Amino acid sequence: MADNVLVIVESPTKARTIKRFLPSNYTVEASVGHVRDLPQTAADIPAALKKEEWARLGIDVEHGFAPLYVTPKGKSKLINELKRKVKAADAILLATDEDREGESISWHLVEVLKPKAPVRRMVFHEITRAAIEEAIDRSRDIDMRLVKAQETRRILDRLYGYTLSPLIWKKIAYGLSAGRVQSPGVRLIVERERERIRFRRSVYWDLKAMLFAPDDSARLRFEAKLLSVAGRRVAGTKDFDSTTGELSGKTDVLLLDEAAARDLEARLRDRPWTVSEVTQKETTSRPSPPFITSTLQQEGNRKLGLSARETMRAAQRLYEEGLITYMRTDSPHLSSEAIGGARSSVEELYGADYLSPEPRQFTSKSKEAQEAHEAIRPAGATFVHPSKTSLTGKERALYEMIWKRTLATQMADARKLQVSARIGVEDCIFAASGSRILFPGYLRVYVEGKDDPDLALDDKEVLLPDLNEGKSVSVDSLESLFHETKPPARYTEASLVQRLEKEGIGRPSTYATIISTLYERGYVRRQGSALVPTFTGFAVIQLMELHFHSLIDYSFTSEMETALDEIAVGERDHLEYLNSFYLGADGLKEQVNRREGEIKPEASRTIILPQLDDGTEIKIGRYGAYIVHHTSDGEPVHASIPEEVAPADLSEEEIAQLIELQKNGPVPIGEDPETGLNVYCLVGRYGPYVQLGEVTEEQPKPRRAAIPPDQRAAEISLELALKLLSVPRTLGSHPDTGKDVVANVGRFGPYVVHDGEFRSLKKDDDVYTVSLDRALELLAEEKKGRGGRSRTLKDLGKDPKSDKKIVVYDGKYGPYIKFGTKNISLPDDKKSEEAVAALTLDEAVAIIAAGKKR
């Protein structure tokens with residue numbers, strides 16, 4: 001091998017890890033992501049090309065869809081340094097990630113750095129000594145088919161977004177966008193909301209008994225539910241039509257109302273109850289396959305509460321630290337090394353009885369599986385136990401989840417005994433069911449999460465006493481239960497990823513970016529863990545469905561992914577495909593040219609919802625959605641819709657309240673005894689709030705306070721309004737500085753603040769009564785971020801000019817500087833523990849100044 005070998009990877013963390021396994025004559029440098037990309041703004045376009053019409057698009061369509069690549073801002077210094085090291089190298093190894101994007105980065109590096117020394121590509125799916133040494137031995141040329149597939153994806157995304165987005169700006173509102181994968185993703189969420197709008201609630205009743213066997217010494221109580229009356233099955237949720245609220249009519253069922261249920265309850269309570277049938281069945285369940293990208297994102301969301309982006313960022317760090325295999329993969333296949341590592345760990349920790357009789361192997365159900373060639377698992381032949389790592393927080397939790405799931409794949413099946421009993425009382429039959437784990441097998445290690453919290457996890461036991469046919473049982477309690485059907489559940493990030501994968505929309509490696517884009521564009525917001533479409537998202541999908549339906553058709557998007565896969569293996573010509581997509585007879589450009597004039601802005605800004613009467617409309621304006629109600633005298637009334645209100649939750653009653661409030665103008669709910677000012681309850685863009693006094697020239701911003709989500713605006717009393725308006729409260733002066741200590745309520749809840757230092761109040765603290773002593777106690781505690789994720793790494797003191805504190809914290813995305821109330825990311829070369837420890841106040845001030853310029 002050459003004397004001086006330069007290895008280039010994407011990130012400093014990966015560089016540090018890979019360096020441990022290379023000889024001393026190898027130098028490792030990081031490109032810190034891409035070194036070239038399409039222009040993001042007009043300022044990025046080179047002066048010589050600014051007058052070219054195609055330059056803003058960044059794609060020269062007339063000359064073979066040639067992309068215009070530019071160097072991202074701030075990268076010039078790094079590229080010059082890489083060029084210097086390339087010139088000094090005898091050989092160059094490009095060790096970027098093994099997927100298409102990694103291949104593309106390697107190609108761009110060659111194009112930019114123009115090395116004269118030999119260049120080879122080294123590919124590995126884990127950062128271990130064995131994998132790195134094998135990758136060097138099996139180095140290859142850059143695969144231009146993968147590069148072309150990635151470049152075609154980038155060009156398609158640019159053509160789609162830059163052609164449709166300006167049209168949406170003109171027709172709805174500036175700043176909105178469409179995307180090849182993002183728009184079908186929004187459509188899924190909007191369609192689910194429409195299902196909720198069409199949903200009609202149904203009500204039904206049944207009975208639940210808590211029973212016990214008189215001869216059972218443990219007096220084990222078990223649950224039994226009413227199954228049938230006089231041979232007719234009692235109606236349940238699945239028997240109703242969700243769009244009409246009526247019984248579906250497919251089967252003859254008995255619908256109980258409250259009166260009938262309570263009559264049955266009274267009639268059956270003291271009657272003899274007898275077991276009429278008992279069936280037992282032994283079942284086995286097998287472990288789920290090891291993680292691929294999509295299932296890792298789903299379980300990260302279900303089990304750990306992480307977003308798809310947070311999951312992938314944490315997984316990226318675990319990979320770059322050499323703890324797991326490559327995290328962008330469609331394949332659940334395990335290498336013989338992985339199977340051996342898992343089986344040895346299982347035997348060591350749980351014993352040979354817990355091993356599956358034969359090694360388990362898994363294959364992909366997807367024909368398009370194309371990224372890496374192995375599942376996501378702990379790296380190496382010997383898996384590092386989670387307790388033996390130095391990981392903390394979500395990285396530790398995610399690694400432990402991956403470790404457990406991989407071990408579970410090589411463990412014995414779980415065996416359960418399922419027991420079903422029928423209990424008769426007069427002409428009614430009640431059903432009871434239980435399960436007992438005979439052998440836990442893989443459940444000893446891993447239980448898969450569920451999207452529906454009402455579903456029992458697989459490792460839960462439901463025990464029944466010994467029951468035999470003809471045996472009498474006694475009633476401990478019997479109650480009538482009211483039920484109402486539920487609308488279809490909104491997507492969570494986990495269930496959306498599952499649906500995207502099922503429809504073939506995008507690829508697992510792109511899901512985190514897709515979902516993040518939906519939030520950033522304001523098309524979707526979180527409500528708990530649910531994804532709720534905004535009215536803006538509704539409007540964009542409505543326009544696309546009416547005028548460009550084929551472009552958001554799920555099969556169309558899936559076929560595009562298939563075409564990219566075919567380009568990646570050389571089965572399709574990328575230029576022919578781009579020509580067909582963009583310039584064909586029914587291509588994107590022709591569709592937009594043909595239909596743009598037909599699209600009326602006023603109609604595009606008007607949202608069609610079935611709960612609106614003839615005189616009411618919902619429109620999208622500069623500051624969000626609002627109601628337009630046309631009164632009998634012809635004067636329209638405009639009323640803002642609070643951003644927290646979901647389209648399916650905007651009831652006719654709420655619409656009427658918003659219109660009435662706007663029509664009548666603000667009416668005071670009382671008078672503040674201290675100031676004599678009127679107190680109002682109002683509704684704005686961000687929801688209902690209380691206000692002290694009116695807006696005047698002298699007082700353009702009167703004191704306001706948001707109404708808690710669990711309070712109805714119409715029911716706010718003067719006493720509660722004054723309490724809400726009492727914050728911010730000045731509690732007194734800090735003994736060390738003499739500056740005020742203040743209690744207030746913010747976006748993330750109640751807090752106390754002193755001199756720019758914030759601390760959240762604890763569960764038992766009340767922002768309206770918290771004392772100065774308690775506030776000082778909280779302020780003395782070590783700073784923690786939301787969820788306890790941030791900790792102080794270094795207090796650098798105060799900025800000499802502004803007197804603001806400068807502190808380095810370890811946050812959810814790594815170390816950062818807090819300067820007053822602003823957070824500033826540390827450069828990659830300053831994020832290591834050694835670099836943070838050596839960081840000076842002057843260096844931090846320079847980083848802050850550079851951050852302000854960006």
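This is a predicted model: local features need pLDDT of at least 70, side-chain atom pairs count only at pLDDT 80 or more; totals for chains, interfaces and linings use all residues.
Let's start where a charge meets a ring: Arg36 lies over the face of Trp107, at 5.5 Å from the ring centre.

From charges over rings, we can turn to rings beside rings. A pair of aromatic rings is described by the distance of the centres and the angle of the planes. The count of aromatic pairs here comes to twelve. Take Tyr204 and Phe240: their ring centres are 5.6 Å apart and their planes meet at 25°, and because planes under 30 degrees apart count as stacked, this pair is stacked. Tyr204 belongs to strand E7 (residues 203-212), while Phe240 sits in the loop between strand E9 (232-234) and strand E10 (253-254), so the pair ties together parts that are 36 residues apart in sequence. Both Tyr204 and Phe240 are buried. Now compare Tyr809 and Tyr816, with ring centres 5.9 Å apart and planes at 40°, so that this pair is tilted. Tyr809 counts as buried at 2% relative accessibility, and Tyr816 is buried too, with a relative accessible area of 15%. Ring pairs also link Tyr350, Tyr354 and Phe439 into a cluster.

Next, have a look at an open sheet of four strands. Its order is E29-E30-E31-E32, and the pairing is antiparallel. The edges are formed by strand E29 (791-798) and strand E32 (822-825), each of which pairs on one side only. From one strand to the next, the twist averages 25°. Strands of a sheet pair through backbone hydrogen bonds, either parallel or antiparallel. Strand E31 (residues 814-819) is joined to E32 by four bridges, and the two run antiparallel. If you want to find one of the partners, go to Phe819, whose bridge partner in E32 is Lys822.

How many of the 13 residues of H9 are buried? Ten are, so to speak, tucked away, and H9 is mostly covered. Among the buried residues are Ala308, Met312, Leu318 and Tyr319, as well as Glu310 and Glu320. What covers them includes helix H1 (12-19), helix H8 (293-304), helix H11 (393-409), helix H12 (493-503) and helix H13 (508-520). H9 is followed by Gly322, whose phi is positive, near 80°.

Helix H1 leads us to Glu10, which is found in the loop between strand E1 (5-9) and H1. Is Glu10 buried or exposed? At 10% relative accessibility, Glu10 counts as buried, because the cut-off is 20%. Leaving aside neighbours within four places in sequence, Glu10 is in contact with Ala30, Ser31, Val32, Gly33, Ala95, Thr96, Asp97 and Ile105.

Our last stop is Val475, in strand E14 (residues 472-484). With a relative accessible area of 24%, Val475 is partly exposed. Not counting residues up to four places away in sequence, Val475 touches Met210, Leu211, Phe212, Arg269 and Trp273. Val475 and Arg221 are 254 residues apart in sequence, and their C-alpha atoms are 9.3 Å apart in space.

Note on methods:
Residues are numbered from 1 along each chain as its sequence is written. Side-chain values use heavy atoms; hydrogens and water are left out. Two strands pair if DSSP finds at least two bridges between them. Axes are lines fitted to C-alpha atoms, for helices over the stretch in contact, and angles run from 0 to 180 degrees between N-to-C directions. Buried means under 20% relative accessible area, exposed over 50%, partly exposed in between (1.4 Å probe, protein chains only). Contact means heavy atoms within 4.5 Å. Rings of Phe, Tyr and Trp (its six-membered ring) pair if their centres lie within 6.5 Å; planes under 30 degrees apart count as stacked, over 60 as edge-to-face and the rest as tilted. A charge sits over a ring if NZ of Lys or CZ of Arg is within 6 Å of the ring centre and within 35 degrees of the ring normal.
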